[in-house]
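Hi,

Here is the structure I said I would pass on. Have a look at it first, and my notes follow below.

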Amino acid sequence: MATLSRSAVLGRSAAAAALLAWRPGVATAENRSSARIEALIGRMTLDEKIGQLTLYPDDVRPTPRPINPDINAQAEAAERTRFQYEEIRAGRVGALLGGTGVNLGRKLQEAALASRLGIPLLFGADVLHGLRTIFPIPLGLAASFEPRLAEQTARAAAVEMTAVGVHWTYAPMVDIARDQRWGRVAEGSGEDPYLGSRFSEAYVRGFQGTDLTSPRSAAACPKHFAGYGAVIGGMEYNTTDLTERELRQVHLPPFQAAFDAGAMTTMAAFSDLDGVPASGNRRLMTDILCGEMGFEGFVVSDAASAEELVPHGLAADERQAAELAFNAGVDVNMGGGLFRRHLRPLVEAGAVSQTRLNEAVRRVLRVKEAVGLFDDPYRSLDPRRESTELRSAQALALAREAAVKSIVLLQNKADVLPLAKGVRVALIGPLGDDPNNLDGCWAPWAKSGEGKTLATGLRAAIGAERLIVERGSNIEAPIEGGVERAVAAAQAADVVVLAVGESQKMSGEASARAEIVVPEPQQILAEAIKATGKPVVVVLSTGRALALKGAIRDADAILVTWFLGSESGVAITDILLGVQSPSGRLPVSFPQSVGQQPFYYNHRATGRPQAPGEGDFFKARYREVSHAALFPFGFGLGYATVRYGSAQLDHDRLPWTGEIVLSATLTNTGSRPAEEVAQLYIRDLAASITQPVRALKGFAKVRLAPGASQEVRFRISRRDLEFVGQDLKWRAEPGAFQAWIAPSSSAGEPVAFVLDPS
Ligand code: BGC
């Protein structure tokens, strides 16, 4: 066969317009492909096609801290490296995962370009909240209620990841998580589908930028499709028991938001839906995702999730797993070469059609084309950028701003915060000066020692002479004599800052917890500190909502600081000293008790709700606790008090095709500036499907100087009232509604309106 030059095969001269032909919308096959992709598919051998559907962990540039033990098992490093180069040169690899580094990246790309058709590799990595500049974990950033921060931090992360050769990030993680035992709560934007959707689209816009072909843009991969957040009991990798209505109403909207914002890939979840694991679920991955949601990109399996159809019990063996996964709609296998081993015999036996094969290849090539790899295969592999575009002053300033905005003040008795000038501070607890527990779950490229601890931040701000640092306890184990030394430190100070909570490994993947509490040794430490009678400010590191108890729950002040990344310590110091006012609001409900999980504010009413002030006899509640949070979704304090004037509707009848406006005036009645998050909630009082007691439909962040007032206005239309009906389609129904403009999901007084059928 005649050898074709690479540029002839790839049609380098093809118009830039074809490159940008990506449009979410109705999926067909060839008619949304480009001429060069079709020409390429026409020339590809079966093995080359399968190669494009194969994603391996990068053995040449392994991730510094292995993330996934299964797929990162480094047997014989040298041997694997040699094998990987060979496979790439043979056109049997489409993409690599987890590798960074420009020089070796260029070598790998050279190997791909030396293959018969010279199709470039796509380099993917899990950059969820920063590469070297680490931003708050997504759960923390969601507390900012400022999607523009997700967009900006994602943009900054895109600059850094593309500086080290990454084209494709496995982010954002958009699973809605209503059970705080699940460790991956930390990776997403919390329990609410509306808030989650606003963050989801913002992350995609940030990662992808306005021009995906730019060497500073990265393709997004919203994950994990779908329903993974509903694993039973919050146990990692568990099955789910999820109605299709909940799937559509709660779990799919953040994905749709990401696709509408231009996301071109998605990842299949590990979990199942009604007994069919996502990676083998044709109805989910093809009918719903591509058919109903108009997704035109490619689906990548999660790490070995196609192989796992065997232990799930859907497939009898690996070959059947490959067949089921591929025919279900998983285009690319992330793992150990399942498709490489089994697709050829499956195609030859007719179990996998040529049409399906070509469709998967087309989806992959379209993404490669859209990120500009065919025109510039060395995009994002510029050695100069690698040394100049990491941890820029601008990125670090953004990290500090994002960290400040993510902090939530839950309690502030007698205005212990901000700390009075000149006080002597005892910083006690295992998380006050621990550089290895600042970043959170997805920061394998962070360099130890680059992040600022709270001790560092406080020392710089108030001086070493006014700060005593005492660990007191380890995170999960006591320290001999630690409590005694901590008590002595507290006694020598005016105020205690108690830095307690989870380690960063206690949330994230494979970190489900049965007991979502501050570990016992730290609780013992907290009780001893409380007994000193000194004012106590708890600074809580956590990747989930926790059930707080005892001295921690009753502390004078509680700041939830999640894992805030590179600028943690200075951001917390800014808040402690009042340089900045806290403005974060909870994206997850803090329960009264562990046993309330799963708990989420937008639950349905039940037939026996306990109205405020009503007795608890035969009501929907536990013996020990009511059906309410300790600190509800949307809650957070500032250093000022903000008064909400009563909400006003311009009309109390919403016409079927029109809109009405709900407004309220907010006044800062305090003596410090305030940043308030005014939240719009709606309740449908009677519908053919029972509805949540409240559902978030909008929010607005308002800055108020002391004494200032401002009106906030929300437009309400029928779309805000839609739910998934008995026919599993979105619909609104005429009738009576309530609406709130409130500072949290459990505050405020509703106003009534009616949706008119005409
Ligand atoms: C996780 C994914 C991740 C992948 C690659 C899996 O174990 O579930 O979220 O993108 O590993 O690191």
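Predicted model: local features only at pLDDT ≥ 70, side-chain atom pairs only at ≥ 80, totals over all residues.

Let me start with one spot: the side chains of Asn333 and Glu307 are joined by a polar contact of 3.3 Å (a polar contact being a pair of N or O atoms within 3.5 Å, where within protein one must be able to donate a hydrogen and the other to accept it, and residues adjacent in sequence count only if both atoms are side-chain atoms). Asn333 sits in strand β10, residues 333-334. Helices and strands here are DSSP runs, numbered from the N terminus: H or I of at least four residues for helices, E of at least two for strands. Asn333 is buried, at a relative accessible area of 1%; buried means under 20%, exposed over 50%, and partly exposed in between, with a 1.4 Å probe and protein chains only. If you skip neighbours within four places in sequence, the contacts of Asn333 are Leu53, Thr54, Leu55, Ser301, Ala306, Glu307, Leu338 and Phe339 (contact means heavy atoms within 4.5 Å).

Residues are numbered from 1 along each chain as its sequence is written, and side-chain values use heavy atoms, with hydrogens and water left out.

Now the whole protein. It has 24 helices and 29 strands. Its radius of gyration is 27 Å, close to the 27 Å that the globule rule gives for 758 residues, so the protein is as compact as a globular protein of that length (the radius is taken over C-alpha atoms, and the rule is 2.2 Å times the number of residues to the power 0.38). The C-alpha trace spans about 85 × 70 × 45 Å along the principal axes. Of the 758 residues, 61% count as buried. The protein exposes about 27200 Å², with 52% of that supplied by carbon and sulfur atoms; the areas come from the Shrake-Rupley method with a 1.4 Å probe, and for residues only the protein chains shown count as cover. Taking contacts between residues at least 6 apart in sequence, 80% join residues at least 24 apart.

On to the helices. In α3 (residues 35-43), the buried residues are Arg36, Ile37, Leu40 and Ile41. They share one side of α3 because they cover an arc of only 135 degrees around the axis, the arc being that of the directions from the helix axis to the C-beta atoms. Ala35 and Gly42 are exposed on the other side of α3. As a reminder, an α-helix has 3.6 residues a turn, so residues three or four places apart point the same way.

Helix α13 (residues 282-292) buries Leu284, Met285, Thr286, Ile288, Leu289 and Cys290. At its start, a side-chain oxygen of Asn281 comes to within 3.3 Å of the backbone nitrogen of Arg283. After α13 comes Gly294, with a positive phi near 70 degrees.

Then the strands. There is an open sheet of five strands with mixed pairing, in the order β21-β29-β28-β23-β24. The edges are β21 (653-654) and β24 (695-704), each with a single partner strand, so one side of each has no neighbour in the sheet. Strands count as paired if DSSP finds at least two bridges between them. β28 (residues 735-742) and β29 (residues 751-755) run antiparallel and are joined by five bridges; Ala736 has Val754 in β29 as its bridge partner.

Strand β11 (residues 408-412) is mostly covered, with five of its five residues buried. β11 pairs with β16 (residues 557-560) in the antiparallel sense over four bridges, and Gln411 has Ile558 in β16 as its bridge partner.

Finally, some backbone spots to check by eye:

- Ala171 and Pro172 are joined by a cis peptide bond, omega about 0 degrees; Pro172 is in the loop between β4 (168-169) and α10 (193-208).
- The peptide bond from Lys223 to His224 is also cis, with omega near 5 degrees, and His224 lies in strand β5 (residues 223-225).
- Ser380 is not a glycine, yet has a positive phi of about 60 degrees. Ser380 is in the loop between α17 (354-370) and α18 (383-388) and is buried, at 2% relative accessible area.
- Ala510, not a glycine either, has a positive phi of about 60 degrees. Ala510 is in the loop between β14 (495-501) and α22 (520-530) and counts as exposed, at 51% relative accessibility.

Cheers
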